[in-house]
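Reader: I would like to learn how to read a model like this one. Where do we begin?

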Amino acid sequence: MKVLRPLILVAFILAAWQITAKSGLWSPILFPPLERIGRELFIFATSWDGAVQTWVSLYRAFAGFGAAALVGGLLGLVMGRSPVVAGMLDPLFSGTYAVPKLALFPIFIFIFGLGSLSKVALVFLECLYPMVIITSQGARNVPKALLWSAENMGASRWTTLRRVVLPATMPYVFAALRVALPVALIVVVITEMISSVDGLGYLISYSLASLKTDRILAIVVVISALGLALDRGLVMLRDRLVYWEKLDTYYA
Amino acid sequence: MIRTILFILGTSLASLALAQEPTLIRFGRGFAAEEQVWLMSVRPDLTPNQGKKYTLKQILFQANPERFQAFLAGELDAGTAPGLSVIFVRAQGVDLKVVASVCQEAAGKQWFSTTYMVKADGPIKSVKDLKGGTVGVVGYKTATDLWARAALLKAGLVPDRDTKVFSLGFPAMGEAVRTDKVQAGTFVEPFYSAEMAKGGLRKLFTAREAVGYDHELLDVWFGEKFLKAHPDVVRAFLSDYVAVTRYYLAHTEQAKRDLHKAGFVRTPVEIYVKNADWKRDPNDRVNVESLRKLSTFMKDQLGWLDKPVNADDMVDQSYLPR
């Protein structure tokens, strides 16, 4: 029953959608019924092209996200433990966090080209911020008692970092990853919608040109499913690695 | 008794006033090549029926799909759109009809036709040389996409396989060609004139040359429900529209200056007034044959349509002045 609970709201939304679509209040082109979306979803899911386009988007998202996780994680860790580095970088990150990086995309295109690199670079930049800010917060909040205990036991700085700071920061790192992963998907789809010849975002803008709303919504369902699956995978990974502090989720 | 008479009198007067109230036309416009449409709002003195039989509310849209979505949501009664976009939405069963032409891609030195340019000192001398390269267009399944694909097919190249077709904004096109991000780019006025003034680019082909015949670029459409409910209003609107088109053709420079002054055009006025213009029919008649050919091309050559679209059924010119 616990597993089914989240589906109640989904079922309610789907029912409301279907009732609205069938009401005749709006054009079915704008508000397609579920069977039309389902048909497009089936075509997408059973076609080789659907798999290729999904892979293209995922590969771009993972490339940018992976790089941001690595760089942002390390940078956040250093910022959290070094007041000097934090003093240098924190104003930069805090001051530019709210800037919509998407506005830089045309510049990225001219620097990195029309292909995947410009999209990966933007995903990297967008994901870097939550990674750095949340990880640095975690590294800064390592309980003093743990650090003092390690010192008293004669642990070196490296051992303290490896055995105390890193494990204590890991829940924050995973929190940052959970924030950054959907951002990666969103940015990839948007950049592909703006300028691409492949990927899920491209399929959306391609379908939009001929008002294929049912196809667009089918792709939206695919993106939602990907987002859910990736988040769930990340939570599972977290629970394996950060076994001492299980995350309380509805599907845990 | 007196109260009843007064009530009937009041109701009758109110009904009369309502009956004489001009009908509002919510009109979705674009941002290029629609001069005579814009002029209807800038120079209402040229439109005797405006304010009497109809009032015009022009709403700017950046792209065509959004314009049609607004129509489907009941927020628009009419608008402008490329003939190709109307073919797409008719294929989806959207109930609208093309009632007049705005402008065409036509042969002739006196007309402007959307131009695809390459680097002047680059290796691309003909469309065939685009093999392995990329052509910049302004959006997928747009007219610019169709022309690029038509030119590639004509040159024996397979779009997407031999040559990529990439979506870019008009403002970025010049720099994209110069920096080799794309090997050919699409240029319309005023970007064409601005890039020509900068130098370093040359023409490879035009939209007219790509498809091989004069064809509709932009048209005026109305929702079928509106056409049925207000035929006289549409006739009055189109009567004014034709009058404005004729004024525009006869006094192009003055009309352009007025449009610039009203903020419809951002290009420096001296460049704008000198730009070559697309062909505009003085009677705003639609080249139906070209829509027929485009529709067939979109289905048979490009695979953009699942089923053919009846161009004759899509156009209704009976509302235009005879």
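Author: With pairing. Two strands pair if DSSP finds at least two bridges between them. This is a predicted model. Take strand E10 of chain B: there, the bridge partner of Ala81(B) is Asp219(B).

Reader: Which residue in E10(B) is the bridge partner of Gly79(B)?

Author: Trp221(B) is the bridge partner of Gly79(B). Strand E3 (residues 78-82) and strand E10 (residues 215-223) of chain B pair over five bridges, in the antiparallel sense.

Reader: What holds such strands together in general?

Author: Strands of a sheet pair through backbone hydrogen bonds, either parallel or antiparallel. Here is another case. E4(B) and E10(B) run antiparallel and are joined by eight bridges. Gln104(B) stands opposite Glu216(B) in E10(B).

Reader: In what order do the strands of this sheet of chain B lie?

Author: The order is E2-E1-E3-E10-E4. These five strands of chain B form an open sheet, and the pairing is mixed. Strand E2 (54-60) and strand E4 (96-105) of chain B stand at the edges. Each has a single partner strand, so one side of each is left without a neighbour in the sheet. From one strand to the next, the twist averages 25°.

Reader: Which strands does H3(B) lie across?

Author: H3(B) lies across strand E1 (23-29), E3, E4 and E10 of chain B. Its direction is about 150° to E3(B).

Reader: Now domains. Where are the bounds in chain B?

Author: The domain assignment gives domain 1 (19-106 + 215-314) and domain 2 (115-211). The centres of the two domains of chain B, taken over C-alpha atoms, are separated by 26 Å.

Reader: How is chain A divided into domains?

Author: Into domain 1 (1-31) and domain 2 (33-241). Their centres, over C-alpha atoms, are 29 Å apart. The contact between them takes eight residues from domain 1 of chain A and four residues from domain 2 of chain A. On the domain 1 side, six are nonpolar, one is polar and one is charged.

Reader: How should I read a nonpolar core?

Author: Start from the general idea. In soluble globular proteins, nonpolar side chains tend to be buried together. In this model, the largest nonpolar core has 141 residues. Val123(A), Cys127(A), Ala180(A) and Ala184(A) touch the most other members. Helix H8 (residues 157-194) of chain A gives the most to this core, with 13 residues.

Reader: Which residues does Ala184(A) touch, beyond those up to four places away in sequence?

Author: Ala184(A) touches Ala61(A), Gly64(A), Phe65(A), Val123(A) and Cys127(A).

Reader: Last feature. How many residues does the contact take from chain A and from chain B?

Author: It takes 15 residues from chain A and 24 residues from chain B. On the chain B side, helix H3 (64-72), helix H4 (83-91), strand E7 (164-167) and helix H6 (170-178) each give two or more residues. The largest share, four residues, comes from H3(B). By class, the chain B side has 12 nonpolar, eight polar and four charged residues.

Note on methods
Residues are numbered from 1 along each chain as its sequence is written. Chains are lettered from A and ligands numbered from 1 in the order in which they are written. This is a predicted model: local features need pLDDT of at least 70, side-chain atom pairs count only at pLDDT 80 or more; totals for chains, interfaces and linings use all residues. Two residues are in contact if their C-beta atoms, placed from the backbone, lie within 7 Å. Ala, Val, Leu, Ile, Met, Phe, Trp, Tyr, Cys and Pro count as nonpolar, Asp, Glu, Lys and Arg as charged, and the others, Gly among them, as polar. Axes are lines fitted to C-alpha atoms, for helices over the stretch in contact, and angles run from 0 to 180 degrees between N-to-C directions. Domain bounds come from an automatic or database domain assignment. A nonpolar core is a set of buried Ala, Val, Leu, Ile, Met, Phe, Trp, Tyr and Cys residues joined through C-beta atoms within 7 Å. A residue is buried if 20 or more other C-beta atoms lie within 10 Å of its own, exposed if 12 or fewer, and partly exposed in between; C-beta atoms are placed from the backbone.
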